[in-house]
Amino acid sequence: MDELINITIPGQKKSYSLKDITIIGRASTTDIRLDDPMVSRHHARISKSNSGFLIEDLGSRNGVFLNDERITSPYPLTNGSKVCIGPYTLVFNDAESAHPSPREYVSNEFTQIIMATKEPLPVESIDEAICHEITNKAEFVQLQKRLKIFHDITNAIGNIFDIDALLEEIIKIIFTVFPHAGRCFVALQDSDDTQLTIRTIHTKDSDLGEENHIMSQTLAQRAINEQKSLLVMDTQMDSNVSVSMKIIGARSILCAPLICPQKTLGILQMESKSKNYEFSKADLNLFTGIASQVALLIYNAELFDELKKSKERIESENKNLKKQQKVHSAFSNIIGESLKIKEVLELVKKVCNAPYSVLITGKSGSGKELIAKSIHYNSSRSGQPFVVLNCAAIPKDLLESELFGFEKGAFTGAVETKQGLFEVANKGTIFLDEIGDMHPHTQAKLLRVLQEKELQRVGGTKVIKIDVRILAATNKDLKTAIGSGEFREDLFYRLNVVPVHIPPLCERREDIPLLIAHF
């Protein structure tokens, strides 16, 4: 009788007789049922042909391995062929062979190592197992325990973004999950071509060499290069196992690569010195799942650390720029000794900390923006934003959305919500240059902001409260513009609470030599 012999558990063998077509998988309807989340519902098919039996992969997630090679097409089975499906090892027994028992395999490096899938345990497989294929209470308890472990890891360390503190908590949890573990560590590498360095390590047994940070680079690099978790069941049985592992007395080892979407960070390794306990395939599966979760947590912590450093650098640069701007906007930097410019500066000093709007008038080039900066940077709002908008430089159709912002979908091209300059300037000051060129429709909305201290984005209904001081400037005669209907009278009086007129240079000729010497 042709059969497959399950030799997954040493000393325990289970035989499955083969039919003309035999389906292997996790589903209850399969001919050979292998109940493990790493096994797909319909994983593989063995079919009988004129020349013998053929095995093929039915599009499984984790593949079918024949004599340690993954198959991608139907492949013939010969007596003693070793088939690996998920954590299961099956041997094909040909009834016509004179030697039906499974053949022995030649020992090579890490013969005690069993490789697990590089992919994390799929959530959909676990959900299916819960809903459809848990056949007894023991399986349910085991799966429930595994889900609780992942839940506990997320609760315990989901909000920790310091890498060292994160790794400390991870290892504590691993020791709880695996009470037979004697040493556990995380080793990271700076780049793909550098050796791994132990970042965090804990041990229950001082003989395992915590102080010396001994680790096997060979084992670690194999796990990283093959992108697979490794299990050494008994280091003493394999002469090729790294000498360093034997020196520290580790007998059973689990080593999993920390795989992220962009790179492999390093490894998570756990060792036991116990002579009475060997890590099992079930331990390997659970350890692989934990390593997948740990890798993402470390990756997120690294990204958070980079963002934090970038934020600190930007804040420092912003602070320095504000200091420089404040120095440049000091009253002492305004050139002029004439009586008229002194009168302007005296008035500006008085209104710096007043909450009122200021309308600055004067010819082009007379220094209206410089006066506006002096007002802001010498006021109590100096630590808040100073936003400048030239109303004449922006088309009238865009000025409204620039000032008040817009909601996603408000108009063609509004692919996302955007804050307006008033929101950006909240708690600070906005300087509206060339206010006389603003369209009357936009003037009406600006008047509402001045009166109610609130606004609505273009296309939005939400009322947004703001606290912004408004400084405006123009080189036009706004009273004439009011008479012609180009400028709203009510807006003018709202802006012109404190009028500041900058005299042209022709009215303060005594300042010309000072300006020539400065520039």
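**Aromatic pairs and strand pairing**

Good morning. I begin with two residues, Phe404 and Phe422, both of which are buried. Please bear in mind throughout that the model is predicted.

How many aromatic pairs are there? The count comes to 6. One of them is formed by Phe404 and Phe422, whose rings are stacked, with 5.8 Å from centre to centre and 5° between the planes. This pair connects distant parts of the chain: Phe404 belongs to helix α9, residues 396-404, while Phe422 belongs to helix α10, residues 421-424, and the two are 18 residues apart.

I turn now to another pair, Phe492 and Tyr493, which is edge-to-face.

Are Phe492 and Tyr493 buried or exposed? Phe492 has a relative accessible area of 6% and is therefore buried, as the limit for that term is under 20%. Tyr493, at 52% relative accessibility, counts as exposed, the limit there being over 50%.

My last topic is strand pairing. Which strands does β17, residues 358-361, pair with? One partner is strand β24, residues 469-474; the two run parallel and are joined by 4 bridges.

Thank you for your attention.

Key:
Residues are numbered from 1 along each chain as its sequence is written. This is a predicted model: local features need pLDDT of at least 70, side-chain atom pairs count only at pLDDT 80 or more; totals for chains, interfaces and linings use all residues. Side-chain values use heavy atoms; hydrogens and water are left out. Rings of Phe, Tyr and Trp (its six-membered ring) pair if their centres lie within 6.5 Å; planes under 30 degrees apart count as stacked, over 60 as edge-to-face and the rest as tilted. Buried means under 20% relative accessible area, exposed over 50%, partly exposed in between (1.4 Å probe, protein chains only). Two strands pair if DSSP finds at least two bridges between them.
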